[in-house]
Amino acid sequence: MAACVAMIVALLCSGFVHASGLSFDVAEAKKRPTTKVVELLKGMQEQLESEAKQDEKTYENFKCWCTKNTEEKSKSVKAAQRALKEKQLRADELVSKSQRLKGEIEASEDEMSAKGADLHKQSALRAQEHKEYADDKVRLVGDLKGVDSAQAALTGDATGFLQKSGAQSSQAASLVQQLLSKHAQRFSSRDRETLDAFVEDPTGGSSQVSGILQGMHIDFANDLAQIEADEAKRLAAFNQLTKAIEEEIEAARTQVENKHSEMVDAREEAANLKWAIKDITESIGDDAAFEDEVKKQCADMDAEWDKRSATRAEESEAISKAIETLNSEDAHDTFYKSTATSFLQQSMGSAQRQLAAEVLDKASRFDTRLSSLARQTKIDKFTKVKKAMDDMVAALKKEQQDEVEQKEYCVKSLRENDIASGDAIHDKEQLVAKEGTLKVKVEEKTQDIAVLGSEIAEAKTQLVQASQNREEENTEFQRIVAEQRETQRLLKQALKVLGNFYNKKQSLAQVSSHDQQPKAPQGFKDYKANGQSAGVMGMLQQLISDSERQEAEAKTAEAHAQKAYESFAKDTTTSVDAKEAEVADLKAGKAKEEKAEVQTRQSREGTDHDLTALKNTKEELHDNCDSLMSNFDARQAARSEEMDSVEKAKAILSGATFAEIQLN
């Protein structure tokens, strides 16, 4: 340390000899070197303190940044994790809700199908009841007309029994005979006897017959009124029942529509949550990575702070010790002795001044400052001139180094600008391609959504049409079954009537042919049934079988049609649900890609801005660097020659000979 201080002081002492003569102030020489060095060291110490304060401020600002970003990112990550958990729970709830609603919709649709089948069944029963009512009404109305006709035949044209003609009496007897045959079970034994007697002799007992007919009229009218009242009750009950079933079906249909809409909303929200969860997960990862990077930078800053503080403390301690050393008496004595060497320089003659000036003048063609230095060599003290030479060399070296650094900066900046421009162009090409891809994807999803929407609407229309067709088919089925059953009833009735007669006649014929009693006188020939009766009865039986077969085929076809409709309705509903879910996913994906497209476009525009800025920067670099780089070697060589000339001049002033410096 002492040797270094002595060297510094020795160099500084060379500047205190007056140019006008060889006089030397010992007291001044002992005082000024120590004071100047101490002042320089104190200045260094003040600079260290200033730098320490600046470092401390920088460190505090950085620590504040570390604390702020670490805490904020930690809070952000925790908040995002809470939001992620909430959204995941909500997404799970929506999935469960969607599945539950799907099951409820299927159950409601099954219930609607069951109620629809029940409604068809009740309609069929009601049609059968109404048919029976209509048949009974026709029968009773016919009976009333028959009674009224018989009554009219008895009364003639309202002139009394005494005025009836024989034809009228015969007509009345015939009508009474028909009533008696058709409604024998409705008459008491006494009334039957009266009516039988009237049929045998239409001229007597007309008043009693008229009374009986009047009673029959009242009974038939009461029966007609009763069946009409019963029909009205059954119709009201049927209407009430069908209204209740239809209201239940409509309520179920409304419930299905509401639940279906709710299910679609749940699926759409779940799809949106899916993208949100992905974004939050990525955000958490980015924030965590940033937090780790902040912690690393802060740890590096702490280590750098500790190192700089320790180094500055050591430097400050060294300066303090140097000041203490320079302020000692030994240091003053040493500086005093070292100043004696400066008197030797005064012995140099004008020849050395002239030679050094010539060297500097020769090199002044590169730098006018050398001409000024040459004039100073001729008139100033050697120490002052050498100091000026040293300053000149130092300035030239600094210019040399600055020019090298400027060239390196230009080369580096231009290379970095080319790399950044290439990267930006590459990024722009990728962003343009990505933007186009996203635009195509958005258009494709828009088309897919439109196609699916059209397919969903078409499927719903087909489902409504299938329901209407099913109702029409069921109505046609009910009509066919009713007609076949009525056909069977009529055919069986005709077959029964024929069977009762022909089977009875056949039995009588068989008994007669096997009679073992003595033979009676020849009487009538055996009664033979019509030979075609068996064929007619067989045809009736075949017609009955055909009608029953058609009824069975209609039932089978109805069951198959109902099953096919239910399968079609279920498949269509499932397909619609799947397509609506797909539409929801497509809408969510479309929104995501539209957002990405906007972000990509903004990034591409930002890249365009960066390219423009890089282009402007490159132009500025060329404006500032082209001249430097093209003349760099020549400027460096000229400056080196200048420094060499100054060094030679200094050597001459220091006592070197002409031969020693080898001047050209």
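## Close-up views of a predicted helical model

**View 1. The largest nonpolar core of this predicted model.** This core has 23 residues. Those with the most contacts inside it are Leu 195, Phe 198, Val 209, Leu 213 and Met 216. The elements that each give two or more residues to it are helix H2 (26-155), helix H3 (166-182), helix H4 (189-200) and helix H5 (206-326). In soluble globular proteins, nonpolar side chains tend to be buried together.

**View 2. The whole protein, built of helices.** The secondary structure comes to 12 helices and 0 strands. Along the sequence the pattern reads α-α-α-α-α-α-α-α-α-α-α-α. The protein has 664 residues, and 30% of them count as buried. Among contacts with a separation of 6 or more, 86% come from residues 24 or more positions apart.

**View 3. The disulfide of Cys 66 and Cys 298.** The search of the whole structure finds 2 disulfides. In this one, the S to S distance is 1.7 Å. The link is left-handed, with -110 degrees about the S-S bond. Cys 66 lies in helix H2 and Cys 298 in helix H5, so the pair ties together parts that are 232 residues apart in sequence. Cys 66 and Cys 298 are both buried.

**View 4. The disulfide of Cys 410 and Cys 625.** Here the sulfur atoms are 1.9 Å apart. This link is left-handed as well, with -70 degrees about the S-S bond. The pair links distant parts of the chain. Cys 410 is in helix H9 (residues 382-513) and Cys 625 is in helix H10, 215 residues apart. Both cysteines, Cys 410 and Cys 625, are buried.

**View 5. Cys 64, a cysteine in no disulfide.** Counting bonded cysteines along the chain, the disulfides follow the pattern 1-2, 3-4. Cys 64 is in no disulfide. The nearest cysteine sulfur belongs to Cys 66 and is 9.2 Å away.

**View 6. Glu 593 in helix H10.** Helix H10 covers residues 533-630. Is Glu 593 buried or exposed? Glu 593 counts as buried because its relative accessibility is 14%, and buried means under 20%. Leaving aside residues up to four places away in sequence, Glu 593 touches Leu 438, Lys 441, Val 442 and Lys 445.

Technical notes:
Residues numbered from 1 in each chain as written. Predicted model: local features only at pLDDT ≥ 70, side-chain atom pairs only at ≥ 80, totals over all residues. Heavy atoms only, no water. Core = buried A, V, L, I, M, F, W, Y, C linked by side-chain atoms within 4.5 Å. Buried < 20%, exposed > 50% of the residue type's maximum accessible area, 1.4 Å probe, protein only. Helix = DSSP H or I, 4+ residues; strand = E, 2+ residues; numbered from the N terminus. Contact = heavy atoms within 4.5 Å. Disulfide = S-S within 2.5 Å.
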